Amino acid sequence: MTTIINNTVIFQRLTDIREDMDLNQTKMATKLGVSQATYSRWETGKEFIPLIKLNLFCNITKHSMDYVTGLIPEEREHLKSATLDLVLIGSRIKIFRMKNHLFQYELAEFLNTTQSTISAYENGKTFMLTAFAYQIAKEYKVSLDWLCGRIQNEYNK
């Protein structure tokens with residue numbers, strides 16, 4: 001299976017949340033440390049927001065990743081700010097993979113990537129692509145906030 005993000009909800013939620021805060025794209029982009037053009041590409045769906053910037057967006061707006069990405073229809077609670085930890089995220093990816101009886105190569109096939117990429121994620125060497133994290137969360141009903149170490153509850157209900 002190839003990784004295809006067919007999720008216009010995230011793009012609309014980025015816009016709606018920003019507008020609810022009475023911020024224009026330039027002001028939000030500044031808060032995120034990117035150019036207005038880059039931020040615009042995230043809102044229009046031309047690019048997928050990187051995980052580290054999604055986390056920062058969620059910290060600024062006090063929303064969960066699950067809500068912002070459309071994995072849950074309404075916010076459950078306002079979360080405290082969180083810092084992404086590569087090692088914790090890597091261990092959560094491995095926990096998820098083991099609980100679902102997947103080998104690294106099987107997860108790699110599902111995400112249309114390489115086994116070495118999955119290994120790098122699990123060993124905390126690099127951040128997982130947001131599109132990959134989203135695909136896992138959506139397909140396996142796992143909380144993206146849990147996967148990224150923002151909360152303790154593993155599953156979206």
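**Exercise 1. Find how many salt bridges the whole structure holds, then look at the one formed by R97.**

Step 1. A search of the whole structure gives five salt bridges; the term stands for a side-chain nitrogen of Lys or Arg within 4 Å of a carboxyl oxygen of Asp or Glu. Keep in mind that this is a predicted model, where local features need pLDDT of at least 70, side-chain atom pairs count only at pLDDT 80 or more, and totals for chains, interfaces and linings use all residues. Residues are numbered from 1 along each chain as its sequence is written, and side-chain values use heavy atoms, with hydrogens and water left out.

Step 2. The partner of R97 is E122, and their closest N and O atoms are 2.5 Å apart.

Step 3. This pair links distant parts of the chain: R97 sits in helix α6 (residues 86-99) and E122 in helix α8, 25 residues apart. Helices here are DSSP runs of H or I with at least four residues, numbered from the N terminus.

Step 4. R97 and E122 are both buried. Buried means under 20% relative accessible area, exposed over 50%, and partly exposed in between (1.4 Å probe, protein chains only).

**Exercise 2. Work out whether R150 and D145 are buried or exposed.**

Step 1. Start with the contact: R150 and D145 form a salt bridge, with the closest N and O atoms 2.9 Å apart.

Step 2. R150 has a relative accessible area of 11%, so it is buried.

Step 3. D145 comes out at 0%, so D145 is buried as well.

Step 4. Now for a network: salt bridges that share partners join R18, E19 and E43.

**Exercise 3. Describe the aromatic pair of F110 and Y140.**

Step 1. The whole structure contains seven aromatic pairs. Rings of Phe, Tyr and Trp (its six-membered ring) pair if their centres lie within 6.5 Å; planes under 30 degrees apart count as stacked, over 60 as edge-to-face and the rest as tilted.

Step 2. F110 and Y140 are 5.8 Å apart centre to centre, with 75 degrees between the planes, an edge-to-face pair.

Step 3. F110 belongs to helix α7 (residues 104-111) and Y140 to helix α9 (residues 130-140), so the pair ties together parts 30 residues apart in sequence.

Step 4. F110 is buried at 10% relative accessibility, whereas Y140 is partly exposed at 25%.

Conventions:
Helices (H or I, at least four residues) and strands (E, at least two) are DSSP runs, numbered from the N terminus.
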